[in-house]
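Welcome! Please look over the sequence and the model before you try the exercises.

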Amino acid sequence: TIIKNGTLGESHGIYHNGANYSIISNNNISVTNTTSGMRIWQYSDYITLASNNVSTTGNSVIGLVFTDVSYLNMSLNTITTSGSSAHGIELGFTGGGSPTNHNVFKANKIKTTSASTAYGLYLWAGVNNTFIDDNITATNSNDIRIDDGVGTLINVTFNKNDIGFETGATG
């Protein structure tokens, strides 16, 4: 169990950077006023995330952030966030590495609460990302928000009328 109460800035419940073929499983992560519950950062490819519970509280405290990560396999995780701009999962790109590509998300539960700009799934960048049997709920915001990312959704539960696109979105 990881419990962290900090100040906003580069602070995470789990921070994983530059290590391939890792397994992160069976963790309970609860963070308040940090940057994210978990951040998987550049050059961390072929990662398995399984059966983790991530809970975040605070504005801009994202559940899981993936930046320049490929070949991730994420399954059976529960992500809950509470706060403005506290997205459940964000797939991103730094501009210096490769976008977040070729990842599989299966049977995850993602829920954001109490915020008007906390997207359940934010596809900020990346291609060939597949979501299977996931459950995505965002209270008062888009369940799925697309900027420059591309994803395939198979049997994913979400409000089909609750998808948003950033101005100039190319995904």
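Two exercises with worked solutions follow.

This is a predicted model, in which local features need pLDDT of at least 70, side-chain atom pairs count only at pLDDT 80 or more, and totals for chains, interfaces and linings use all residues. Residues are numbered from 1 along each chain as its sequence is written, and side-chain values use heavy atoms, with hydrogens and water left out.

**Exercise 1.** Find the residues with the most contacts inside the largest nonpolar core, then follow Phe66.

Step 1. A nonpolar core is a set of buried Ala, Val, Leu, Ile, Met, Phe, Trp, Tyr and Cys residues joined through side-chain atoms within 4.5 Å; buried means under 20% relative accessible area (1.4 Å probe, protein chains only).

Step 2. The largest such core holds 28 residues, and Met38, Phe66, Met74 and Ile89 have the most contacts inside it. Strand β14 gives the most to this core, with three residues. (Strands are DSSP runs of E, at least two residues, numbered from the N terminus.)

Step 3. Contact means heavy atoms within 4.5 Å. Is Glu90 buried or exposed, and which side chain of opposite charge is nearest?

Step 1. Locate Glu90 in strand β11.

Step 2. Glu90 is buried yet has no salt bridge; a salt bridge is a side-chain nitrogen of Lys or Arg within 4 Å of a carboxyl oxygen of Asp or Glu.

Step 3. The nearest side chain of opposite charge is Arg39, 6.8 Å away. Here Lys and Arg count as positive and Asp and Glu as negative, while His and the chain ends are not counted.

Step 4. Leaving aside neighbours within four places in sequence, the contacts of Glu90 include Phe66 and Tyr122.

How values were computed:
Buried means under 20% relative accessible area, exposed over 50%, partly exposed in between (1.4 Å probe, protein chains only). Helices (H or I, at least four residues) and strands (E, at least two) are DSSP runs, numbered from the N terminus.
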